[in-house]
Amino acid sequence: MLAFKVHKMQAEAAKLHLKKTGLLVPHMNAKRVGDFVLFPVVKKAAVPLEGTFVKSVFEAVPHTPSFREALVAALGAQEGHEATASYDTVGDIAIIEVPEKLESKERIIASALLKSNPRLKTVLKKESAMQGQFRVRKFKWLAGRRNYVAEYKESGCTFRFDLRKTYFSTRLSHERTRIASLTQPKEKVLALFAGVGPFAIVIAKQQPSADVVAVELNPDAFAMMQDNVAQNKVRNVLALKGDVRAVLKKYPKWADRACMPLPHTGYDFLDDVIAAMKDGGVVHFYGFGGEAEGVFTLNLAKVKSACKRQGVACTILEKRVVRPYAPAVFQVVIDFQVRRIQS
Ligand SMILES: C[S@@+](CC[C@H](N)C(=O)[O-])C[C@H]1O[C@@H](n2cnc3c(N)ncnc32)[C@H](O)[C@@H]1O
């Protein structure tokens with residue numbers, strides 16, 4: 001094969017030029033010979049660098065197909081394009097959805113995914129929506145290592161959890177970082193509906209002088225949170241197993257900050273959380289909002305009426321869309337500050 005040979009000092013400039021002018025042969029590795037680098041090229045042409053054209057042999061770069069390419073190769077063009085080529089990952093576990101029409105091909109689809117992404121070790125399929133009070137989903141193993149325990153890293157923290165036994169969403173990582181960066185030294189923080197501890201641990205790690213109380217009802221999630229607290233060596237998280245309403249009775253006017261990631265029914269706990277806030281405390285309240293009525297309208301109304309019931313003044317500090325949830329429905333967060341009205 002034809003090659004362009006340059007001194008190693010000019011290799012970077014040569015590569016850029018050959019790429020820009022379309023002379024470089026794609027999917028082939030350049031190679032080093034002594035002080036020179038040889039690039040595979042399609043033809044001889046004027047190159048504004050000191051170099052020569054020679055003959056050489058090159059190795060092809062192994063081509064990893066995209067998921068869509070792998071689907072088409074495995075299922076043929078029509079079904080390969082009907083299959084959903086997007087997927088979620090948690091550590092090295094991929095989670096896919098399979099259209100009903102292609103259910104009989106789900107194993108083939110899962111194997112195609114493993115071929116397209118060698119970093120992935122397991123493919124699971126969502127078998128249900130998030131269900132029940134513990135917000136747990138059913139999964140079906142499809143390909144790779146038969147494993148349901150994810151190891152996931154975020155913000156310098158590691159989380160290990162069994163996907164079949166607890167809720168976890170990587171899509172809330174931005175919220176965790178946002179709240180951790182708002183947390184001030186020595187704050188008292190309530191990480192409620194804590195799951196396996198992602199909010200609590202990210203906050204505690206970033207603000208080691210803060211005092212974080214994390215509350216979770218699901219015994220499996222609670223046990224995983226305890227392990228994650230130990231694994232991440234955060235000494236400022238107190239993990240409590242129990243119902244938020246019962247636990248908060250022991251924390252009247254205690255918190256500078258509270259985090260309420262229970263978007264379906266979190267409003268049922270607003271009164272209890274407000275009662276646990278110090279004067280000036282800030283609550284991060286998550287809810288769902290429909291586009292039709294305005295994504296924040298209902299949630300703002302719930303916050304304001306709970307504050308009124310509790311006899312506190314309420315300042316809305318921020319309201320933002322966290323992520324799309326369903327067609328025309330969004331997960332939102334409202335940050336509000338509680339001011340205790342002096343009587
Ligand atoms: C949407 S998940 C959020 C979990 C976690 N904060 C996260 O971001 O991964 C809500 C969690 O609240 C827990 N939960 C539901 N009702 C509860 C209650 N009354 N008291 C304590 N925890 C509760 C569920 O078991 C679930 O783990």
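**Close-up 1. The buried residues of helix H2 in the predicted model.** Helix H2 spans residues 67-75, and its buried residues are Phe67, Ala70, Leu71 and Leu75. When the helix is viewed down its axis, these buried residues fall within an arc of 110°, so they line one face of H2. The cover over the buried residues of H2 includes two further helices, namely H3, which runs over residues 77-82, and H4, which runs over residues 106-116.

**Close-up 2. The residue just after helix H2.**

**Close-up 3. The shell of residues around the ligand.** There are 19 residues around the ligand, and those that come nearest are Phe193, Glu216, Leu217, Asp243 and Val244. Sorted by class, this shell is made up of 12 nonpolar residues, four polar residues and three charged residues.

**Close-up 4. Polar contacts between the ligand and the protein.** A polar backbone atom of Phe193 lies 2.7 Å from a nitrogen atom of the ligand, and a polar backbone atom of Val244 lies 3.0 Å from a nitrogen atom of the ligand.

How values were computed. Residues are numbered from 1 along each chain as its sequence is written. This is a predicted model: local features need pLDDT of at least 70, side-chain atom pairs count only at pLDDT 80 or more; totals for chains, interfaces and linings use all residues. Side-chain values use heavy atoms; hydrogens and water are left out. A residue is near a molecule or strand if one of its heavy atoms lies within 4 Å of it. A polar contact is a pair of N or O atoms within 3.5 Å; within protein, one must be able to donate a hydrogen and the other to accept it, and residues adjacent in sequence count only if both atoms are side-chain atoms. Ala, Val, Leu, Ile, Met, Phe, Trp, Tyr, Cys and Pro count as nonpolar, Asp, Glu, Lys and Arg as charged, and the others, Gly among them, as polar. Buried means under 20% relative accessible area, exposed over 50%, partly exposed in between (1.4 Å probe, protein chains only). Helices (H or I, at least four residues) and strands (E, at least two) are DSSP runs, numbered from the N terminus. The arc is that of the directions from the helix axis to the C-beta atoms. Contact means heavy atoms within 4.5 Å.
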